[in-house]
Amino acid sequence: MNLVFVGFKHRHTGAIYEEAMANPNITVLGAWEDTESGRALADGLGLEFNYATLEDVLNDERVDAICLGGCYGERGGEAIAALKAGKHVYADKPVCTSLAELDEIEKLSKEKNLKVGCYLTMRFSAGMRNIREMIADGTLGEIGTINITGQHPLQYGTRPMWYFEDGKHGGTINDIAIHAVDFVRFLTGYGLKKVHGARTWNHFATEVKSFRDCGQFMVELENGAGFTGDVSYAAPASCGFNLETYWRTTVWGTRGVVEYKLKAASAGIDSDTGAQLCVALDGSNGFTPVPLKKYDATGLGEFLKEINGETDLLIDTAEVIRTSREVLTIQAAAE
């Protein structure tokens, strides 16, 4: 697969680039980025910004797929343009910021038989894969309630400033909770049934009062289970991504409860480094640590497999579209 990076405005894009370079079946042809600050994020990677415009990328017949790493609010339009040009689309999360954009992306993907992938890393973590097995084999019983915290540091002044520009970010729930919405369905098999409550507001971003840095939601899953979450930019800047509340997932079933605490290895890139998985089953007197079983899979690798016609994947276009639709539905309720 010949891949080109379209936009390089978020540090996640660097991790995707490294993943692409590590895959012998992917050739990175280059990149397009329209800002010096964006290009600076790629310093040291060896990535060549050799396309002058997005149109140059889309007109290059060698390009099989693009990877979106620009401002969230621009990705939907770029994805639509790429699909119209016959290119597969892989994106850092989120793919887009509106349900109307998502409708068009889904329509074009089906019409042109093109694939859409997304950097939804959490379903590939060892802890999530372990919890999924516990649920599938009945260890936890029927799932009744799930709670997650995904509280990040705001890092105003360090985080890209486009976050705080009108129309560029698209909402804190869509930004962060997309991971939780995705992995909860991955774990349980249950999708969103109803949004009972959702709210975003400004509290910590005192420099930009228009930025709604806090986000909470309460939703119902298809089996009637409750799923609540807090994905606010509330973590102290000095703590970075090192708090247990950065990603803390607790799942209660009729036979027990499991909890997974995930810390970032560096720069907010999700990793199993420092992760803790514990389970308390009915009959025990407390939590017991569970060893993490490692798995070998990546989102970009699954994307390539889908393009090549493989099935039985950990994630595919239909899953990406469904996750995007569910989180955008929650974001819309908050607004």
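N23 counts as buried because its relative accessibility is 17%, where buried means under 20% relative accessible area, exposed over 50%, and partly exposed in between, with a 1.4 Å probe and protein chains only. The model is predicted: local features need pLDDT of at least 70, side-chain atom pairs count only at pLDDT 80 or more, and totals for chains, interfaces and linings use all residues. Residues are numbered from 1 along each chain as its sequence is written, and side-chain values use heavy atoms, with hydrogens and water left out.

N23 lies in the loop between α1 (12-21) and β2 (27-32). Helices (H or I, at least four residues) and strands (E, at least two) are DSSP runs, numbered from the N terminus. Leaving aside residues up to four places away in sequence, N23 touches G301 and L304; contact here means heavy atoms within 4.5 Å.

Now turn to strand β11, residues 256-262. Of its 7 residues, 7 are buried, so the strand is largely enclosed by the rest of the structure. Both of its faces are covered. On one side G256, V258, Y260 and L262 are buried, and on the other V257, E259 and K261 are buried.

The partners of β11 come next. Two strands pair if DSSP finds at least two bridges between them. β11 pairs with strand β10 (residues 247-253) in the antiparallel sense, over 7 bridges. A hairpin of 2 residues joins β10 to β11, and G253 stands opposite G256 in β11. β11 also runs antiparallel to strand β14 (residues 276-281), joined to it by 6 bridges. There, K261 has Q276 in β14 as its bridge partner.
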